[in-house]
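Keep the 3D view open as you read.

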Amino acid sequence: MEQKYYYDATNGYSFDSYVKFFKSLRQKGNAKFVYILREKDLLKGDLNCQIENINKIIELMTKNGIKKDEFIISFLHDKTLKTNSNESCKVLYELEKHFDGYHLGIESGDVTWSSEQIINANKKIEDIVKEVKSKDLSKLEQLFLVYTIITQKIYKEASSIESLYTSREVFGVLNSDKIVCVGYVELLKEIMARLGLGNDIQIFSNKVKLPNKNRTEYHETCIIYLKDEKYNLDGYYYCDPTWDSKRDGDTSIRLAYFMLPIREIRNINSLIQTYPIRYDTVEHITATYNNIATYHRPQYADQVSLGQTSVVLTETFEEFLNNDKRLRALIGKENEFTNLPIKDIYKKSPQFTYSLIRQRSKEYSLDTMLKLIKNVLKATNKDDTDEIINQKVCRIYKDNYYTTQQKFGRNAFSSFSLYQNRMALNNKNLDKSTKEILLSVIPKNKEKEM
């Protein structure tokens, strides 16, 4: 079993004590000492400055009896800063050439990724970004298009001889055919960050558990803050790209779990519950799985845990909520929480905090969803006639309507629910093409009753 022991140069612990522990690991088998720096450090100073810094680390390792093939110098990929690894990778590539024979890379998950792997992943990301930017889409439309692109990847777990992060980190997902729930979310976050939409869209990994009769499973979805004036949306939404992902032989565009208002989560048939997650931005993990044992591995955490009835905050999400002026306005001027920061409100009443997020999750109509689908299809299929576009919209609607009937409860109200269908059909100003789409899911003998 490979053992990786991480020394994070920023955590304030004694380097000598880490060396001592590593040598005890080394006696038991194959072990690597991973000296961790930050990816943003690659962008500080010129190349000569970077070379001098690496030389000092190599000298320190050698002085402490750690051999050349026993250590890795790796730069931790910073998810919270949304660092564009294109620029850092250029510097890494030059360092790899200069320090030929030494193991350098960028750390994400428990894998030290090479510049070659990062360049390959970045090329795929930039191709998607270029495609999306060429379409002149609103922020919601850009999110929609990226969502439909990444959910075309078929769920596939890493093998028992691979790192789990082959299917969980962007660099792994784009250098393999493996992807699981964490991978879908990380890929969505990375591409949206590269689109440079600023504070109008923020995506947080949402860690939840799914208890059932046999066992409790752990799952990752995402909570998205989105502001889009074209569609009059400004609030927090729930997305599950894994449950919307493509199946073998499937040509559908799945959207049943796309941009759900927070209160709709409780109408999903599966139980979705929170669990305690680390509050700090950086967590240090010790774990063993597959053929890798890791010790004190640092990992950036851009997370929240929000389920059907409650929420667990992290530092990053809490800070974002605290700066949300509309959410602050919901607290009101004459109650015990008026002047408190979100972290203190959460300590006093997690349920009140959850209710605030729910109130900042604006519901939207089926008509909005159909317009969104149609607008993106028109932008991405310019040669299609209106008739063909309407046929595609109808197919997407039908597929997701039937999924919603199966996977959501009777009180579901989101875009593809029976409730939204009936509400829209009661609209006397409904245009003919939209009415035909809505009627496509109603049995013929029921149409006469409408």
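Leu255, Ala256, Phe258, Met259, Leu260, Tyr364, Ser414, Ser415 and Phe416 line the second largest cavity. On a 1 Å grid over the protein atoms alone, a cavity is a set of points where a 1.4 Å probe fits but cannot get out, and lining residues have an atom within 4 Å of a point. This is a predicted model: local features need pLDDT of at least 70, side-chain atom pairs count only at pLDDT 80 or more, and totals for chains, interfaces and linings use all residues. Residues are numbered from 1 along each chain as its sequence is written, and side-chain values use heavy atoms, with hydrogens and water left out.

**Cavities**

- The structure holds two cavities of 30 Å³ or more. A volume is the space filled by probe spheres set on the grid points, which are joined across faces, edges and corners.
- The second largest cavity has about 40 Å³. Its lining has seven nonpolar, two polar and no charged residues.
- Ala, Val, Leu, Ile, Met, Phe, Trp, Tyr, Cys and Pro count as nonpolar; Asp, Glu, Lys and Arg count as charged; the others, Gly among them, are polar.
- The largest cavity holds about 40 Å³ of space. Among its lining residues are Leu76, His77, Glu169 and Tyr300.
- That lining has three nonpolar, four polar and three charged residues.
- Strand β11 gives the most to the lining of the largest cavity, with three residues.

**Strand β11**

- Strands (E, at least two residues) and helices (H or I, at least four) are DSSP runs, numbered from the N terminus.
- Eight of the nine residues of β11 are buried, meaning under 20% relative accessible area.
- β11 runs parallel to β1 (residues 2-8), with four bridges. Two strands pair if DSSP finds at least two bridges between them. Gln3 has Ala293 as its bridge partner in β11.
- β10 (residues 282-289) runs antiparallel to β11, with seven bridges. Glu283 is bridged to Gln299.
- β10 and β11 form a hairpin with two residues between them. Asn290, in the turn, has a positive phi of about 50°.

**Largest pocket**

- A pocket is an open set of points with protein on both sides within 12 Å along at least five of seven lines.
- The largest pocket holds about 890 Å³ of space. Its lining has 39 residues, of which Arg168, Cys181, Val182, Lys207 and Tyr218 lie nearest its centre.
- β10 and β11 are among the elements that give two or more residues to this lining.
- The largest share, five residues, comes from β7.
- The lining divides into 19 nonpolar, six polar and 14 charged residues.

Notes: Buried < 20%, exposed > 50% of the residue type's maximum accessible area, 1.4 Å probe, protein only.
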